[in-house]
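Visitor: I am new to this structure, and I would like to learn how to read it with some care.

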Amino acid sequence: MRIRDQFLTAVGVTALCVNLTLPALAEVTEQDILNDAKTTGDVVTYGLGPQAQRFSPLKTLNRDNIKGLVPAYSFSFGGEKQRGQESQALVKDGVLYVTGSYSRMYAIDSRTGDKLWEYNARLPEGILPCCDVVNRGAALYKDKVYFGTLDAKLVALDQKTGKVVWRKDIDDFKAGYSYTAAPIIVKGKIITGVSGGEFGVIGRVEARDAETGEVVWKRPVIEGHMGELNGKPSTMTGQVNETWPGDTWKFGGGATWLGGTYDPESNLVYFGTGNPGPWNSALRPGDNKWTASRLAINPDNGEIVWGFQTTPHDGWDFDGVNEFVPFDMQKDGKTVKAGGTADRNGFFYVLDRTNGKFISATPFVNKINWAKGIDEKGRPIYDDAFRPGDPAKSEDGKKGKSVFAVPSFLGGKNWMPVAYSPDTKLFYVPSNEWGMDIWNEPVSYKKGAAYLGAGFTIKPVFEDHIGSLKAIDPASGKTVWEYKNKAPLWAGVLTTAGNLVFTGTPEGFLKAFDAKTGEEVWKFQVGTGVVASPITWEQDGEQWVGVAAGWGGAVPLWGGEVAKSTAGINQGGSFWAFKLPKTVATR
Ligand code: CA
Ligand code: CA
């Protein structure tokens, strides 16, 4: 019996009158997932739709009435495990599912915040998460809710009870594999990547039968590695030693740690791939495919349909994992089936999503120096003065020439997802303006040990701000407006047909902006840094907004001088729900 049921039994009819709707859980169907962007009463996917535009057609809440948006409840994740909360919640039939730090999941009553159940993964000693013990969200399908854990396992839970239905190993956590992204569901399959790019793991994308958890296909992203389909070897990715010399491809990295998006129209799953291993680029001459890339994969068989490498022969940890968001672009009177992505390397790319053809790349941060620009084929024009030097060419062979490169390895944009509004036709990009001193060192691969061969210190580029939320016109590449934030931005973005853009700040605010002008129109202090992705939904005729709160993530761990700018921010772990009461909305 669920806690909620027990509660209702105890208090009887009065409670039933107060709680007008009991959670009667209908199965989450394929159609629910495909239509998620249009259906305002639920959020059943990471990204508010498989294309992950993070746009809601809800417009009850707007810039004029948003001052009436008030907290409805704050649900605590409890315990002592207060670390970065980067989760995007899901909500269906009056139940809200949200994951927490240290691989926890909660189901709560979406109206009251009452806890229905909690799942707490028992994590073994010796897990190797690189960048805080975060989780970014769950997936819903039929009667189950899925998420990945820091010990590289995928777990399917019963939506009603939180009981484990199945639990499968993604890979060996002792080799550096872990899992933090939200899985996606495509045609009855659950599709995931792997985390562990700083440990020389081999990035891959894989699909399992969502009912049983059995692997259907695996697609390694590094050339020379063999794929799998229905339990048999399928095709090799690329060819051995095409863009990697010697044995370097065996520990090539390319972790697919941020999950994927799906475009039903072209039947393609898009995954980004992380940095090559090791960071020290002198140890692996060549383009190092497919690291720092976007790949389009056929979800039916796991074959790569196209690949686009944003940073060939990366030398700065410019992971190419950032989400690829399908959208239709009007250009020269034509509709282009495009996809947009804001890369760690500081450029915003628009590609043809059907074939990966390069359309444009424009800087979305102010001071890029590692590349002079992007050529007509989409390849960076490197400035070798800003590539860290080869330690073998130094006097003692221990430390290569140090350079100050911009952006820093934490990226012009990191994991925090953008939003795209088909109303304003703008991308809202949570970016950061920072650089780094970076130098290379000798390194060799050792299982379960950091495989970097580099040292670094992150530094701000401007005195007054690091964080910068930008509205970018993908057709022109121009920045239409910018909001500057003192601390680095690390939260996802949401936009609505009510002409609003939401995001959070480390300083503890959930903020709303006018989507057309960037004017700040609302903020609320939640008492700890906000580094999660907000959602909005409608229930009982009212518009709700929710976000997980809890400071952490990579910045305080890796941020160098920048981490100092966030010292003193208190940790936390909670989910905040806000609503615009009917009386305010109709006034
Ligand atoms: Ca929906
Ligand atoms: Ca990386």
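**Reading the model**

Guide: The chain averages a pLDDT of 94, and 96% of the residues score at least 70, pLDDT being the predictor's confidence in each residue, from 0 to 100. Over residues 1–22 the pLDDT is below 50, and this stretch has 22 contacts in the model beyond near neighbours in sequence, a contact meaning heavy atoms within 4.5 Å. Where pLDDT is low, the predicted coordinates should not be read in detail. This is a predicted model, in which local features need pLDDT of at least 70, side-chain atom pairs count only at pLDDT 80 or more, and totals for chains, interfaces and linings use all residues. Residues are numbered from 1 along each chain as its sequence is written, chains are lettered from A and ligands numbered from 1 in the order in which they are written, and side-chain values use heavy atoms, leaving out hydrogens and water.

Visitor: Which protein donors does the calcium ion (ligand 2) have?

Guide: Donors are N, O and S atoms within 2.8 Å of the metal (3.2 Å for Na, K and Ca), and water is not among the atoms, so sites may look incomplete. Here they are Glu 198 (OE), Asn 275 (OD1), Asp 317 (OD), Asp 319 (OD) and Asp 319 (OD), lying 2.3 to 2.9 Å from the calcium ion. Glu 198 lies in the loop between β12 (189–192) and β13 (204–209) and Asn 275 in the loop between β18 (268–272) and β19 (293–297), so the pair ties together parts that are 77 residues apart in sequence; strands are DSSP runs (E, at least two residues), numbered from the N terminus.

Visitor: Are Glu 198 and Asn 275 buried or exposed?

Guide: Both Glu 198 and Asn 275 are buried, that is, under 20% relative accessible area with a 1.4 Å probe and protein chains only.

Terms used: Helices (H or I, at least four residues) and strands (E, at least two) are DSSP runs, numbered from the N terminus. Buried means under 20% relative accessible area, exposed over 50%, partly exposed in between (1.4 Å probe, protein chains only).
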